[in-house]
Amino acid sequence: MKVALIGVGQAGGKVTERLAQFDADMGFDAVQGALAVNSAKPDLQSLEFVDTQLIGADRVNGHGVGGDNELGAEIMQSDAQQVLSGLDGRVTSKSEAIFVVAGLGGGTGSGGAPVLVHELQQVYDVPVYALGILPGRNEGALYQANAGRSLKTLAREADATLLIDNDAWHEQGESVEGAFETINGKIAQRVGLLFASGEAVEGVGESVVDSSEVINTLRSGGIASLGYASEVASDDSGENIRTVMTVARQALLTGTSLPDATTADSALLVIAGEPETVPRKGVEKARRWLEDETESMQVRGGDFPLESDRLGALVLLGGAERSERIEEFMQRAREAKRAAESEQTDHAEEFADERLENLF
Ligand code: GDP
């Protein structure tokens with residue numbers, strides 16, 4: 001799937017850069033253009049492999065918006081035209097989708113991404129998706145509250161929002177900050193493989209996944225998740241059937257970007273590996289297992305020919321918002337917002353309209 005990427009904010013820029021790098025290193029050529037947009041100049045200066053664009057210089061002078069996502073949204077609103085012009089030549093007639101990438105808990109990305117998605121929807125006919133990073137459980141209340149509002153608006157504006165939970169793809173016990181590099185690397189590899197798996201390869205069989213299957217899986221809209229797992233392939237085809245089942249299970253149950261999201265409206269299973277090691281029977285068996293597990297009637301399956309001594313499974317779920325994890329997160333976001341509001345309450349003023357008279 002040929003995509004254009006726009007990273008908004010710090011996490012958005014870093015992840016976009018990693019995705020562009022992975023795609024180039026692997027020679028996939030799925031990423032057609034990548035741009036990082038931020039209101040904080042130092043965050044843009046640390047990026048080396050993508051073009052960058054500073055926004056909101058008249059308001060915050062390159063210093064960023066802190067955790068103020070409303071300001072992030074306002075800045076994007078004012079500078080949207082400038083960002084859209086910056087996309088000239090990056091979103092081309094070959095582009096099949098646009099991804100706006102952002103950390104949802106901060107300011108610039110949290111507020112700016114939903115606004116940018118809205119603006120892009122007015123201009124382009126291809127689907128506009130969000131790739132959103134949810135704050136981990138231990139990140140502060142402001143992150144949770146910001147991410148809740150950002151996610152709600154993204155779900156309204158984007159054709160689908162692929163969520164990566166910051167708690168999902170790092171080792172237990174490792175701090176989230178310490179794990180950023182690891183997480184970003186995994187996002188780049190896994191989402192990068194998804195982009196590339198939708199690239200039709202000339203001269204290969206019809207079991208190979210193409211872009212329309214990725215787009216159709218995301219057509220149900222709402223929240224999407226991506227799972228991945230891999231194991232070494234064998235010379236024995238019976239063994240490879242078992243391996244395909246194992247990696248498909250792991251991808252959904254333990255390797256997912258959104259823990260506990262297993263029911264969905266639609267799903268796509270991609271088995272990546274050397275064509276002679278990918279067992280058709282195994283792919284079909286795993287696809288049927290995924291149908292049962294997700295309780296979806298719309299489960300697509302296919303292969304992605306790749307030079308590798310491993311067999312990998314990618315599981316993309318579409319319409320996965322009914323998961324416990326999302327419920328739990330939205331609950332945390334609501335609580336954080338209520339707590340922030342009660343801190344702002346002027347208690348003296350609250351007493352002002354009580355029916356008691358003051359003593360003097
Ligand atoms: P912004 O620059 O104002 O948009 O704010 P950030 O992009 O720093 O967003 C903060 C959120 O993104 C928090 O939930 C952070 O945990 C998360 N975050 C920041 N940097 C990274 C990163 O490099 N990788 C990942 N996975 N998350 C990040």
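Which residue has a side-chain N or O atom 2.9 Å from a nitrogen atom of the ligand? In this predicted model, that residue is Asn166. Residues are numbered from 1 along each chain as its sequence is written, local features need pLDDT of at least 70 and side-chain atom pairs pLDDT 80 or more, whereas totals for chains, interfaces and linings use all residues. Side-chain values rest on heavy atoms, with hydrogens and water left out.

| Residue | Part of residue | Ligand atom | Distance |
|---|---|---|---|
| Ala11 | backbone | oxygen | 2.8 Å |
| Thr108 | backbone | oxygen | 2.9 Å |
| Asn166 | side chain | nitrogen | 2.9 Å |

Of the 570 Å² of accessible area that the ligand has on its own, the protein covers 93% (Shrake-Rupley method, 1.4 Å probe).

The shell around the ligand holds 17 residues (each with a heavy atom within 4 Å of the ligand). Gln10, Ala11, Gly109, Glu139 and Asn184 are the closest. By class, the shell comprises six nonpolar, nine polar and two charged residues, with Gly counted as polar. At least two shell residues come from each of α1 (9-26), α5 (108-123) and α7 (176-197). The largest share, four residues, belongs to α1.

The ligand sits in the largest pocket. A pocket is an open set of points on a 1 Å grid where a 1.4 Å probe fits, with protein on both sides within 12 Å along at least five of seven lines; to sit in it, a molecule needs more than half of its atoms within 2 Å of its grid points.

The protein chain contains twelve helices and ten strands (DSSP runs of at least four and at least two residues, respectively). Its radius of gyration, taken over C-alpha atoms, is 22 Å, close to the 21 Å of the globule rule for 360 residues, so the chain is as compact as a globular protein of that length. That rule is 2.2 Å times the number of residues to the power 0.38.

Conventions
Polar contact = N/O pair within 3.5 Å; in protein donor to acceptor, adjacent residues only side chain to side chain. 1 Å grid on protein atoms, 1.4 Å probe; cavity = no way out; pocket = protein on both sides within 12 Å on 5 of 7 lines; lining within 4 Å.
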